[in-house]
Amino acid sequence: MAAVNSDNRAHNRLLTYLVQEDQERLLQFLEPVELEYKRPLYDADERIEFVHFIESGVGSLVCAMADGRAAEVGTVGNEGVIGLPVLLGDDRAPSSMYVQVPGRGLRMRARAFREQLEQSPRMRAVMLRYTHVFFNQIAQTAACAHFHSLEQRCCRWLLMTRDRMPSDTFLLTHEFLAMMLGVRRAGVSVAAGGLQRAGLIRYHRGRITILDRKGLEGRACECYAVAKAEFDRLLGFVGARRRNAERL
């Protein structure tokens, strides 16, 4: 494994939230990895071998039904870590994690991650705080699917994805948009087509370009702002990260 040089700056927000000592401990074990579209980061009911810290791109937590249908229940980008069952003392999960939007990241062996958590209560506390943020996102997603329109939910997901990417243009296929929104592919065409006609996005052959972010925010439901505020409350205030971590 080619470890990341400690002089290099990590582009994962959760890693940068850690105090320098804990960052350097993890960087010894982390290796760069390209995150290709649809790449499995772990499979349902299979041992989780690696923990991933995304730097760009999006991972999709997917639950599959017995008849083959699948739905996305959560997403992870450069704000988090993929492999939460490892943090919580397990080595597998009934759901799967795939790359939804390609990018890059860092990974380390699950066993090494567990060992580092045992050696640093501060690091473990930060990771558990992120776990709380992620579970809140899943809960908000469930409520959002029940109460809000297809267009509102589409705007929310597009904003969440844009926040994790380095530019306004990114790959997002009909397949994943359908799983994100819990609709058939025809429903994706309706939602994306309406936003495109309004001049908010451009969508062509699975590639999205955000043209009017403020317009998307105006059409999104409150769930986007609620989830973002919760992340900022628990982990997002970078200026205070060292002080907060040192109190853990």
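**Close-up 1. Ser-96 in strand β5.** Ser-96 sits in strand β5, which covers residues 96-109 (helices, H or I with at least four residues, and strands, E with at least two, are DSSP runs numbered from the N terminus). This is a predicted model, in which local features need pLDDT of at least 70 and side-chain atom pairs count only at pLDDT 80 or more, while totals for chains, interfaces and linings use all residues. Residues are numbered from 1 along each chain as its sequence is written, and side-chain values use heavy atoms, with hydrogens and water left out. Ser-96 counts as buried because its relative accessibility is 8% (buried means under 20% relative accessible area, exposed over 50%, and partly exposed in between, with a 1.4 Å probe and protein chains only).

**Close-up 2. The surroundings of Ser-96.** Leaving aside residues up to four places away in sequence, Ser-96 touches Tyr-42, Asp-43, Ala-44, Ser-60, Leu-61 and Val-62 (contact means heavy atoms within 4.5 Å). Look also for the backbone nitrogen of Ala-44, which lies 3.0 Å from a polar atom of the Ser-96 side chain. Leu-41 and Ser-96 are 55 residues apart in sequence, with their C-alpha atoms 7.7 Å apart in space.

**Close-up 3. The salt bridge of Glu-49 and Arg-109.** Here the side chains of Glu-49 and Arg-109 meet in a salt bridge, at 4.0 Å from N to O (a side-chain nitrogen of Lys or Arg within 4 Å of a carboxyl oxygen of Asp or Glu). The pair links distant parts of the chain, 60 residues apart: Glu-49 is in the loop between β2 (40-42) and β3 (50-64), and Arg-109 is in strand β5. Glu-49 is partly exposed at 39% relative accessibility, and Arg-109 is partly exposed at 43%.

**Close-up 4. Further salt bridges.** The structure holds 20 salt bridges. Asp-67 and Arg-69 form one at 2.8 Å, N to O, and both of these residues are exposed. In the bridge between Arg-162 and Asp-168, the closest N and O atoms are 2.5 Å apart. Arg-162 is buried, with a relative accessible area of 18%, whereas Asp-168 is partly exposed at 36%. Glu-21, Asp-22, Arg-25 and Arg-122 are linked in a network of salt bridges.

**Close-up 5. A nonpolar surface patch.** Leu-88, Leu-128 and Phe-135 make a nonpolar surface patch of about 280 Å² (patches are made of residues with over 30% relative accessible area and no salt bridge, like charges being joined within 9 Å and nonpolar side chains, Val, Leu, Ile, Met, Phe, Trp and Tyr, within 5 Å; accessible areas come from the Shrake-Rupley method with a 1.4 Å probe, and for residues only the protein chains shown count as cover). Phe-135 belongs to helix α5, residues 121-147, and is partly exposed at 46% relative accessibility.

Note on methods
Polar contact = N/O pair within 3.5 Å; in protein donor to acceptor, adjacent residues only side chain to side chain.
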